[in-house]
Amino acid sequence: MARRMTRDELLAYVKSQIKEIDIKTLKEWVESGRPVRIVDIRERDEFEQGYIPGSKFIPRGHLEFQIEDYEPDRDAPIVLYCAGGVRSALAAKALQEMGYRNVYSLAGGFSAWKHAGLPFELPRKMTDEQRIRYSRHMLIPEVGEEGQWKLLDAKVLLIGAGGLGSPAAMYLAAAGVGTLGIVDYDVVDLSNLQRQILHGVEDIGRPKVESARETLASINPDVKVVAYNTPLNSENVMDIIKDYDIVVNGSDNFPTRYLINDACVMAGKPLVDGSIFQFEGQVTVYKADEGPCYRCLFPTPPPPGEVPSCAEGGVLGVLPGVIGCLQAVETIKLILGVGRPLVGRLLLYDALNGEFHEVRLRKNRNCPVCGETPTITELIDYEEFCGVPLPRREEEPAQAAHALEVA
Ligand SMILES: [Zn+2]
C-alpha cells in the first residue's frame with residue numbers, strides 16, 4: 001500500500017519530476033523571440049491583477065481540458081506559472097502525464113516576476129453589460145473573450161448604406177465590431193425601404209449615413225460609427241480606407257466597384273464583395289495577396305449599353321438581406337481569423353431555385369492591377385453607369401471565362 005505523503009513531500013517529489021525555469025531565463029527567452037507558450041494558470045481574480053505579457057490565461061481547473069486546443073504539439077516549449085510556483089509545478093506534472101515533453105514551471109511564479117521589476121500587463125475588462133451582451137459569442141470556443149476583443153478592436157468600412165450595407169452594418173454592429181465607417185452620399189427615398197432596413201419612413205429625405213448612424217447606435221452603443229457623407233472617388237478613397245482593416249462593398253455601380261477594388265489592392269486591404277440582381281446574388285472575398293481581385297475576373301468595365309440598369313433590373317427585397325448577411329459572416333471570420341474565408345471562391349445564391357453554387361476564382365497573372373506587371377497604377381474614376389455583371393454559368397462573360405471554374 002502506498003505510503004501517505006505530506007504536502008511538502010508531495011511537492012518535493014513533484015519538483016524532482018518536472019523542469020523549472022527561473023524568471024531570468026524566461027525573460028531572456030521572451031526577449032530573444034524564442035517561441036514559447038506561457039500559460040497563466042491562476043484564478044481569474046489573480047490574473048486580473050496583472051499577468052506576464054504574451055501569456056495565455058487558462059485557469060488550473062481547465063488546463064488539461066484546454067491545453068490541446070491551445071498547443072497540440074507535445075514538443076512545444078510551455079512555461080506554466082502561478083503566483084508562487086507551487087500550483088504550476090503540480091500542473092506541469094499533469095501536462096507531462098498528457099505527453100507534453102517540454103513543460104516548465106516558473107520558479108517563484110508571478111510574484112518573483114513582479115518583484116524583480118519585470119514588465120506585466122493588466123487585462124482589459126469588459127463591463128458587466130458587455131459580458132451579458134456578448135455572452136453568446138464568448139460561449140463559442142472560436143470566439144471567446146479574446147475573439148470578442150478582436151471584434152471590438154476591429155475597424156470595418158462599409159461602402160454604401162443601402163441594400164447590402166444595411167444588414168451587413170446591423171449585424172456587424174450587433175456583433176460588437178468596434179468601429180464601422182459608412183460611405184454613402186445618398187438620401188433615403190421611399191423606394192429604398194423595400195430592402196434597406198437601416199432606414200425607416202421617418203428617415204425619408206435624410207442622408208443615409210445619418211439614418212444609419214442612429215439605427216446602429218440603437219442596436220449597440222459600443223460601436224463607433226464614422227459617417228462619410230461624400231461621393232467616393234479617386235481623390236478621397238485611399239484616405240478613407242487607410243484607417244480600416246477590412247472593406248465591405250455594398251455599392252451598386254461599376255465605377256465604385258472598380259475604384260474600391262483597385263484601392264483595396266493598392267492598400268493591401270481585404271475586400272468582402274457582394275452583389276445582387278433580381279433573384280440572384282453573389283459573395284466573395286478579394287484578398288490580393290492570397291487570391292484574385294475583381295479585375296482578375298473583369299479586367300475592364302463593360303460598355304455602358306451592355307448592362308441592365310438598376311431601375312430596370314430590380315431586386316427581390318430580401319435578397320440583399322441574404323447576401324449582406326453572408327458578407328457580415330465573412331467579415332467576422334476575417335477579424336477572428338477562423339474558418340475558411342471565401343477567398344478565390346464565389347458563392348452564388350439562386351433564390352428562385354433555393355440553391356447555392358460555388359465557383360472557383362483564379363488569380364489572373366495578367367491582371368491589370370494585381371498581376372505580375374500591373375498596368376493600372378493609379379486610381380480611375382469611370383463614368384457613372386449602372387448594373388452588375390453576374391457570371392452565371394450559362395452565360396459567363398467572355399472576358400471572365402479564364403478566371404472561372406465551376407467548383
Ligand atoms: Zn487582380
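Me: Contact means heavy atoms within 4.5 Å. With that in hand, which residues of helix 10 meet which residues of helix 16?

Reply: On the helix 10 side they are P167, A168, Y171, L172 and A175, and they meet P320, G321, G324, C325, A328, T331 and I332 in helix 16. One caution before we go on: this is a predicted model, where local features need pLDDT of at least 70, side-chain atom pairs count only at pLDDT 80 or more, and totals for chains, interfaces and linings use all residues. Residue numbers run from 1 along each chain as its sequence is written, and side-chain values use heavy atoms, with hydrogens and water left out.

Me: Why are helix 10 and helix 16 called oblique to each other?

Reply: Their axes cross at roughly 40 degrees and come within 7 Å. Under 35 degrees would be roughly parallel, 65 to 115 roughly perpendicular, over 145 roughly antiparallel, and the rest oblique. Helix 10 and helix 16 are therefore oblique. The angle itself runs from 0 to 180 degrees between N-to-C directions, on axes fitted to C-alpha atoms over the stretch in contact. Helix 16 spans residues 319-336, and a helix here is a DSSP run (H or I, at least four residues), numbered from the N terminus.

Me: How do you know which class G321, G324 and T331 of helix 16 belong to?

Reply: Ala, Val, Leu, Ile, Met, Phe, Trp, Tyr, Cys and Pro are nonpolar, Asp, Glu, Lys and Arg are charged, and the others, Gly among them, are polar. By class, the contact of helix 10 with helix 16 has nine nonpolar, three polar and no charged residues.

Me: How do helix 10 and helix 11 meet, and what classes take part?

Reply: A169, M170, A173 and A174 in helix 10 meet T215, L216 and I219 in helix 11. This contact has six nonpolar, one polar and no charged residues, and T215 is the polar one by its class. The axes of helix 10 (165-175) and helix 11 (208-219) come within 9 Å and cross at roughly 35 degrees.

Me: Why are helix 1 and helix 5 called oblique?

Reply: Helix 1 (7-17) and helix 5 (87-97) pack at about 50 degrees, their axes 9 Å apart. The pair is therefore oblique, and the crossing is left-handed. L10, L11, Y13, V14, K15 and Q17 of helix 1 make the contact with A89, L90, K93 and Q96 of helix 5. These residues divide into six nonpolar, two polar and two charged; K15 and K93 are the charged ones.

Terms used:
Helix = DSSP H or I, 4+ residues; strand = E, 2+ residues; numbered from the N terminus. Left-handed = near helix turned anticlockwise from the far one by under 90°.
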